[in-house]
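Hello,

Here is the structure I promised to pass on. Please have a look at it first, and my notes follow below.

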Amino acid sequence: MTFGKYGKMILANMERNYPYRKQELELTGELKIKIFEREKYILELKKQVEQQIKEKYKGKLDEKVIEDLVQDRVRAELK
């Protein structure tokens, strides 16, 4: 399976916390689809959060700080 950064995180989370759901999705052939859908949602969320933070702080924060804030929000969504 080839997933992006967040797809790999989603899969690892499923393996750890939802092994029976993961197995069910594998058996029905829906695992890849569900992970790609979730990854797409996370990437859209990341884009929105980054835009909101940039608008709120308008040049007051370094790009690294913005990226850290965005990653914190995304990680919270992945749990």
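Which helices do the buried residues of α3 pack against? They pack against α1, α2 (19-28) and α4. Before going further, a word on the source: this is a predicted model, where local features need pLDDT of at least 70, side-chain atom pairs count only at pLDDT 80 or more, and totals for chains, interfaces and linings use all residues. Residues are numbered from 1 along each chain as its sequence is written, and side-chain values use heavy atoms, with hydrogens and water left out.

Helix α3 (residues 31-57) has 27 residues and reaches 39 Å from its first C-alpha to its last, close to the 39 Å expected at 1.5 Å a residue. That expected span is 1.5 Å times one less than the number of residues. Helices here are DSSP runs (H or I, at least four residues), numbered from the N terminus. Among the buried residues of α3 are Leu31, Ile35, Glu39 and Lys46. Buried means under 20% relative accessible area, exposed over 50%, and partly exposed in between (1.4 Å probe, protein chains only).

Phe36 touches Thr2 and Phe3, leaving aside residues up to four places away in sequence; contact means heavy atoms within 4.5 Å.

Helix α4 (residues 63-78) has 16 residues and spans 22 Å from first C-alpha to last, close to the 22 Å expected. Its buried residues are Ile66, Val70, Gln71, Val74 and Leu78. Seen down the axis of α4, these fall within an arc of 135°, so they line one face of the helix. The arc is taken from the directions between the helix axis and the C-beta atoms. As a reminder, an α-helix has 3.6 residues a turn, so residues three or four places apart point the same way. The buried residues of α4 pack against α1 (5-17) and α3.

Is Gln71 buried or exposed? Gln71 is buried, because its relative accessible area is 8%. Not counting residues up to four places away in sequence, Gln71 touches Lys5, Tyr6 and Lys46.

Lastly, the surface: Tyr57, Val65 and Leu69 form a nonpolar patch there, with about 210 Å² of accessible area together. Areas come from the Shrake-Rupley method with a 1.4 Å probe, and for residues only the protein chains shown count as cover.

Best wishes

Notes:
Patch = residues over 30% accessible without salt bridge, like charges linked within 9 Å, V, L, I, M, F, W, Y side chains within 5 Å. Salt bridge = Lys/Arg side-chain N within 4 Å of Asp/Glu carboxyl O. Helix = DSSP H or I, 4+ residues; strand = E, 2+ residues; numbered from the N terminus.
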